[in-house]
Amino acid sequence: MSPAHGMSRRAWLQALAAIAAAGGPLAAGPARADDPEGIWDVVVVGSGMAGHCAAISARLEGARSVLMLEKAPVIGGHTAMASGSLAFVDPPRQAAQGIVDSVEKFTADARAVGNDIDEPLVRLIAGRSAGDVSWLVRQGVRFSPTIFRAFGNLQKRCVTAFGNMGARRYILDLHARSRSLGVESRLLSRVTSIRGEAGDFLLEVQDLRRMAGEALRARRVVLATGGFTANLALRMYFHPEPTHDLPTTANPHGVLDDPATGDGLYLARELGAAWVDMDKIVLLSYWGGRMLDYIGGEVYVNAEGERFVDETASTGDIARAIARLPERVMYVITDAQSIKGVNAGAKLTAGNIHRADSIEEMARDMGVSSMALRRTLERFNEAARSGSPDEFGRTAYTQTIEKPPFYWGREQLMMHSTLGGLHIDARARVLRADGSAIDGLYAAGETAGGIWGSDRLGGTGLLQCLVMGRIAGAEAARRVG
Ligand SMILES: Cc1cc2nc3c(=O)[nH]c(=O)nc-3n(C[C@H](O)[C@H](O)[C@H](O)COP(=O)(O)OP(=O)(O)OC[C@H]3O[C@@H](n4cnc5c(N)ncnc54)[C@H](O)[C@@H]3O)c2cc1C
């Protein structure tokens, strides 16, 4: 494996300190699998949304012993940092909130933003989404009742976790459920190699707590190791276009030990897996200036105080528009009327978002012409009231922007997630370049690639973890039987 995977000594010491402060790692579940040969039925690598869904599903579908390995000192990966928007298609439930949707429409929208999608997989994910969201509810996850249009989606088809913890809430609820089902979790356990074959895979695991290696045996393996946004070498090799210093949304200030190093890609390649769409990435305006988790209540302006894009367009369209601005920086504005996102309070405290009592004060602090900004907001408000397409084609508004105090933030592009990765089929089996499946090896979540084409609808990152994670766990468990 590449050295980019190594945990720095500083990060390792930090991990130890975190464990000491918490009074030790998560207590182990039931002792090692009660198996005459000492083999785990299913080992899941990674403890994000995909890993948890896979582990729970494997237990529910009959795997006698399930082990979830996590290299970090805490569970959750990127999922624990996510806003929590989860896309789904449930026409009757959506209709009750006046929304018209269907699997067909979802697929068409996914194609409109991503072009070269894996249509059968996208249909499968959309078709299962309502049932799988209900499955999450049965596992103990609670959702807020409103169905909203998440950033980057073209329709109101997202829910989010109840409360204000974003997707961390999913992880906490799912982890409690996995423990109640007897899934064993081990932190600071980094899988460094997988050999062997279905029925008897041999996993080499680094115990980062004791700095010792151990070998584990597993009948089936599910890779849920996340994307590779933090693997600079891999990212620059496949996608040199954004410069190497572009921060990631998971690690905007570069101070974290970001786990998204693409480990699953290397682990599976040792067994012959193919990588697909490795040059497809999502760039997102996420520096901290955006304040809302839904679409409709913000306006974006450039350094001249003028609009330059339809703020409700796809993530990719907005990213391309920002990239065309001279300094690649924009300002995001909302007002007192919008419902602020889960992180807005923290952003205000940290100074990413600013408050202004008038347009003039806001323009002064931004360093733009107050006349230009006032004119821009007046035109925006006229369009919002009429609802007819404006000069950028925008038709979706949830409000005007006119009621003080105003809130604004500076925003720039960041590397958000990777769309390339392991080639999988509808049963979450990892495929070789010739299309044949590697028996016993499954992948789910961001480590799997080639589903969404060049961009994905907002909320489908977590949806893909849910649906394919659940399938991977179930398939692994059934095949053991
Ligand atoms: C700031 C932010 C906001 C986001 N908001 C949303 C949103 O609102 N909606 C949405 O749909 N998507 C969102 N996304 C994207 C989405 O969160 C991710 O695509 C998704 O959470 C990935 O889940 P995963 O389970 O595949 O991987 P992760 O959640 O990243 O979990 C992978 C885990 O595997 C572990 N691991 C890796 N390698 C090894 C190894 N060798 N051995 C052991 N363990 C290993 C990692 O440490 C990590 O904990 C957001 C992403 C970010 C960064």
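**Core packing**

I began with the largest nonpolar core, which has 113 residues, and found that Leu86, Leu136, Leu203 and Leu223 touch the most other members. By nonpolar core I mean a set of buried Ala, Val, Leu, Ile, Met, Phe, Trp, Tyr and Cys residues joined through side-chain atoms within 4.5 Å; buried is under 20% relative accessible area, exposed over 50%, and partly exposed in between, with a 1.4 Å probe and protein chains only. Helix α13 (residues 460-480) gives this core its largest share, 11 residues, helices (H or I, at least four residues) and strands (E, at least two) being DSSP runs numbered from the N terminus. At least three residues of the core come from each of domain 1 (39-227 + 262-280 + 419-481) and domain 2 (283-415), with bounds from an automatic or database domain assignment.

I also noted a second, separate core of 19 residues, which includes Ile333, Ala356, Val368 and Tyr397.

**Basis of the entries**

The model is predicted, and I kept to local features with pLDDT of at least 70 and to side-chain atom pairs at pLDDT 80 or more, while totals for chains, interfaces and linings use all residues. Residues are numbered from 1 along each chain as its sequence is written, and side-chain values use heavy atoms, leaving out hydrogens and water.

For pLDDT, the predictor's confidence in each residue from 0 to 100, I found a chain mean of 90, with 93% of residues at 70 or more. Over residues 1-31 the pLDDT is below 50, although this stretch has 45 contacts in the model beyond near neighbours in sequence, a contact being heavy atoms within 4.5 Å. Where pLDDT is low, the predicted coordinates should not be read in detail.

**Ile318**

I then turned to Ile318, which is found in helix α9 (residues 315-324) and counts as buried because its relative accessibility is 1%. Leaving out residues up to four places away in sequence, Ile318 touches Phe151, Ser285, Tyr300, Val309, Asp310, Glu311 and Ala313.

**Gly62**

Last, I located Gly62 in the loop between α2 (49-60) and β2 (66-69), where Gly62 is partly exposed at 49% relative accessible area.
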